[in-house]
Amino acid sequence: MICPACGFDNIAGNDECDRCGTPLTGADLPAPQTRFEARLVDGRLSGLASHTPRIVAPGTPVTEVLATMRADGLDGVLVVDGARLVGIFTERDALLKLAGRTLAGISVSDVMTPDPVVLREDDTVAVAIHKMALGGFRHIPLVDGGRPTGIVTARDVFHRIAEIVG
């Protein structure tokens, strides 16, 4: 990594320049070029999740989870063991993992996506877009101190982008 202050070619991963001591953390991140880009990079996710997450225990029968999702019009639920997020179960999981199967005896932990990628309230809109695009996700749990507080959906992100543009 080239030091922006003195031009010294440092070993990748150094936190500071070996020659002049200038901090290199974040020096390789591109600077926003437009007001829109700046708002994506600076805008936080706080308040983005459109609803309080529905939480279920790992042993909950998948038939019960599906009935809850249908009745409440939910795209997904968070699977929590104690206070720890252990998985997410979405409509995509239902389609890909349950199609053609008999549902009797299947618990949500058998078909959830375990150990999901998460977002935090202080993450930026750009981070959410990046994680969703990289992982092909439409739903990412939002956590605070490891406790789930919401689910950020692609729709939530698009609405935030519309606010930025509008």
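Reader: Which exposed residues lie on the face of α3 turned away from its buried side, and what does exposed mean there?
Author: The face in question carries Leu95 and Leu96. Exposed stands for over 50% relative accessible area, buried for under 20%, and partly exposed for values in between (1.4 Å probe, protein chains only), so Leu95 and Leu96, being exposed, are over 50%. Helices (H or I, at least four residues) and strands (E, at least two) are DSSP runs, numbered from the N terminus. The model is predicted, so that local features need pLDDT of at least 70 and side-chain atom pairs count only at pLDDT 80 or more, while totals for chains, interfaces and linings use all residues. Residues are numbered from 1 along each chain as its sequence is written, and side-chain values use heavy atoms, with hydrogens and water left out.

Reader: How do you know where the buried residues of α3 lie around its axis?
Author: Asp93, Ala94 and Leu98 are the buried residues of α3. Viewed down the axis, they fall within an arc of 100° (taken from the directions from the helix axis to the C-beta atoms), so they line one face of the helix. These buried residues pack against α2, β3, α4 (108-111) and β4. Just after α3, Gly100 has a positive phi of about 80°.

Reader: What puts the buried residues of α5 on the same side?
Author: In α5 (residues 125-135), Val125, Ala128 and Met132 are buried. They span an arc of only 60° around the axis, and therefore share one side of α5. Ala133 and Leu134, on the other side, are exposed. The buried residues pack against several elements, including α1 (35-42), β6 (139-144) and α6 (154-165).

Reader: Why is Arg160 called buried?
Author: Its relative accessible area is 16%, which is under the limit for burial, so Arg160 counts as buried. Arg160 lies in helix α6. Leaving aside residues up to four places away in sequence, Arg160 touches Arg44, Leu45, Ser46, Gly47, Leu48 and Val125 (contact means heavy atoms within 4.5 Å).

Reader: Why is α1 called oblique to α6?
Author: The two helices pack at an angle of about 140°, with their axes 10 Å apart. Angles under 35 degrees are roughly parallel, over 145 roughly antiparallel, 65 to 115 roughly perpendicular and the rest oblique; α1 is therefore oblique to α6. The axes are lines fitted to C-alpha atoms, for helices over the stretch in contact, and angles run from 0 to 180 degrees between N-to-C directions. At this packing, Phe36, Arg39 and Leu40 in α1 meet Ile161, Ile164 and Val165 in α6.

Reader: What makes β1 and β4 edge strands?
Author: The open sheet of 4 strands has the order β1-β2-β3-β4, with mixed pairing. β1 (55-56) and β4 (113-114) each have a single partner strand, so one side of each lacks a neighbour in the sheet. Two strands pair if DSSP finds at least two bridges between them. The parallel strands β1 and β2 (residues 76-81) are joined by 2 bridges, so they pair. Helix α2 (residues 62-72) packs on this sheet, touching β1, β2 and β3 (84-90), and its direction makes about 70° with that of β3.
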